[in-house]
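Reader: I have a model open and would like to know what stands behind the words used for it. Could you take me through them?

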Amino acid sequence: MTTSTEAKRDTRFFGHPIGLANLFGVEMWERFSYYGMLGILPIYLYYSVAEGGLAMPEATATSIVGAYGGLVYLSTIVGAWVADRLLGSERTLFYSAVLIMIGHISLAFLPGFLGIGVGLVCVAIGSGGLKGNATAVVGTLYGEKDERRDAGFTIFYMGVNLGGFVGPLLTGLAQSEVGFHLGFGLAAIGMAIGLTQYTVFRRNLPDTAREVPNPLPAQRRPAVGGVLLVLVAVIVAAVLSGIVTAANLSDVVVWIVGIASVVYFAVILTSSKITAIERRRVLSFIPMFIASAAFFALYQQQFTVVAVYSDQRLDRDLFGWEMPVSWVQSINPVFILLLAPVMAAIWIKLGSRQPSTPIKFALGTSVMGVAFLLFLFFAGGAGNSTPLLALVGILLVFTVAELMLSPVGLSLSTKLAPDAFRTQMVALNFLSVSLGTALSGSLAEYYGTDHEASYFGVVGGVAVVIGVVLALISPFVRKLMSGVR
């Protein structure tokens with residue numbers, strides 16, 4: 001076992017603690033499996049049985065994908081609670097990785113809808129548990145004043161994008177050459193490699209990663225277990241009674257997350273534990289929460305509408321060989337790896353002259369809307385007529401928008417958080433991502449190749465308007481932020 005003091009002196013991984021290599025690896029393989037599976041999931045759901053798919057209506061398929069993505073981000077809150085109250089970040093990360101592997105194995109080996117049901121639930125809950133806790137464990141590798149911290153997180157997030165790049169390439173190739181279940185199987189193998197590596201080198205992580213910050217008293221655990229059982233019973237009853245179906249799943253998740261968000265804001269704003277300045281700062285987060293949800297409602301359509309578009313409207317011919325549909329999902333990670341250092345350098349160069357956070361949110365949302373409006377240049381074409389280079393250019397705009405908004409969201413939520421509600425404000429940031437991701441599935445229900453011009457025009461236009469409105473009210477929002485930049 002290593003302590004944080006020892007970790008601070010540890011320079012065995014390119015000048016960083018050796019534990020970073022383990023966390024880099026498990027995150028890379030988890031993202032490999034996650035994006036590898038997600039790259040072929042939509043077409044698996046709506047392809048015909050003869051093509052190896054489940055023959056769902058396209059609207060139902062995109063609803064499931066959107067709801068699944070929303071549940072991943074919603075479950076990050078559950079994962080954080082389990083780590084804080086029951087297991088600690090390190091053990092929560094480990095058990096989440098096990099659950100993810102079970103999910104991918106289910107997708108690979110269980111037939112039809114059974115595999116989808118078991119697989120997606122396990123991967124969604126597991127990914128949510130791993131996502132936040134892997135980041136938390138990276139933080140335990142460094143002392144509070146260790147100057148290597150930011151560089152360590154940069155290396156860690158390179159693993160995210162490396163896995164996101166390679167995963168869709170390999171699973172997509174396996175799907176197109178052999179079949180869907182081999183693609184899902186590769187995702188399972190990737191997660192198994194990551195879990196094995198993590199298990200072998202867990203001892204290199206500091207003891208602080210295993211601490212439970214706020215242990216749940218033993219006498220309260222039966223009550224929590226009872227609430228969990230009731231919740232599961234309600235979900236099962238809703239599914240069996242037909243209230244929740246595959247077709248309306250994303251809409252249900254939107255309502256659940258929307259209500260949870262309103263309740264979270266109400267609890268914080270009405271609390272007697274916060275000061276007047278803290279209350280104003282929470283109020284300032286509301287318009288940026290809305291902008292964040294709008295941004296992710298479009299951005300996450302990479303896995304719904306853009307996936308369908310890549311299959312049905314994109315010319316994927318490469319010198320006589322047809323590129324797998326899922327390879328499109330590897331374009332964005334490449335741009336992130338190339339542009340993230342450039343964007344960071346620009347903000348550093350600008351220093352105090354860089355745009356305020358509300359303006360960054362406004363720019364990110366508006367640029368995302370512009371990316372959708374760019375699809376209008378290719379609307380109405382016959383068959384797979386959109387040039388691949390055109391979609392690459394549009395996804396470049398996606399990435400620019402992402403780098404303006406996404407990296408600052410989590411940081412902003414911590415800076416605006418009242419002392420008594422730091423965790424809840426971080427949860428609200430994840431809820432904006434969850435809400436937007438679920439909306440990406442609900443909006444996709446209205447997409448069709450026969451009316452794509454109206455779809456891209458309306459959705460893109462609304463996002464631009466939201467961004468412009470936020471920019472116009474940014475002076476008022478900055479005043480509410482009370483000194484937070």
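Author: Gladly. Helices (H or I, at least four residues) and strands (E, at least two) are DSSP runs, numbered from the N terminus. Trp 81 lies in helix 3. This is a predicted model, where local features need pLDDT of at least 70, side-chain atom pairs count only at pLDDT 80 or more, and totals for chains, interfaces and linings use all residues. Residues are numbered from 1 along each chain as its sequence is written, and side-chain values use heavy atoms, with hydrogens and water left out.

Reader: Why is Trp 81 called partly exposed?

Author: Buried means under 20% relative accessible area, exposed over 50%, and partly exposed in between (1.4 Å probe, protein chains only). Trp 81 has 33% relative accessibility, so partly exposed is the term for it.

Reader: And why does Gln 300 count as buried?

Author: Its relative accessibility is 7%, so Gln 300 counts as buried. You will find Gln 300 in the loop between helix 10 (276–299) and helix 11 (305–312).

Reader: What makes the pair of Gln 300 and Thr 437 a polar contact?

Author: A polar contact is a pair of N or O atoms within 3.5 Å; within protein, one must be able to donate a hydrogen and the other to accept it, and residues adjacent in sequence count only if both atoms are side-chain atoms. The side chains of Gln 300 and Thr 437 make such a contact at 3.2 Å.

Reader: How do you know which residues Gln 300 touches?

Author: Contact means heavy atoms within 4.5 Å. Leaving aside residues up to four places away in sequence, Gln 300 touches Tyr 73, Thr 437 and Ser 440.

Reader: What are the domains here, and where do their bounds come from?

Author: They are domain 1 (13–215) and domain 2 (247–484), with bounds from an automatic or database domain assignment. In contact are 34 residues of domain 1 and 37 residues of domain 2.

Reader: What is meant by the area that domain 1 and domain 2 bury between them?

Author: Buried area is the accessible area (1.4 Å probe) that two parts lose on being put together, summed over both. For domain 1 and domain 2 that comes to about 2,900 Å², 71% of it on carbon and sulfur atoms. Thr 62, Tyr 73 and Asn 161 supply 17% of the area that domain 1 buries against domain 2, more than any other three residues.

Reader: How many salt bridges are counted between domain 1 and domain 2?

Author: A salt bridge is a side-chain nitrogen of Lys or Arg within 4 Å of a carboxyl oxygen of Asp or Glu. Between domain 1 and domain 2 the count is 0.
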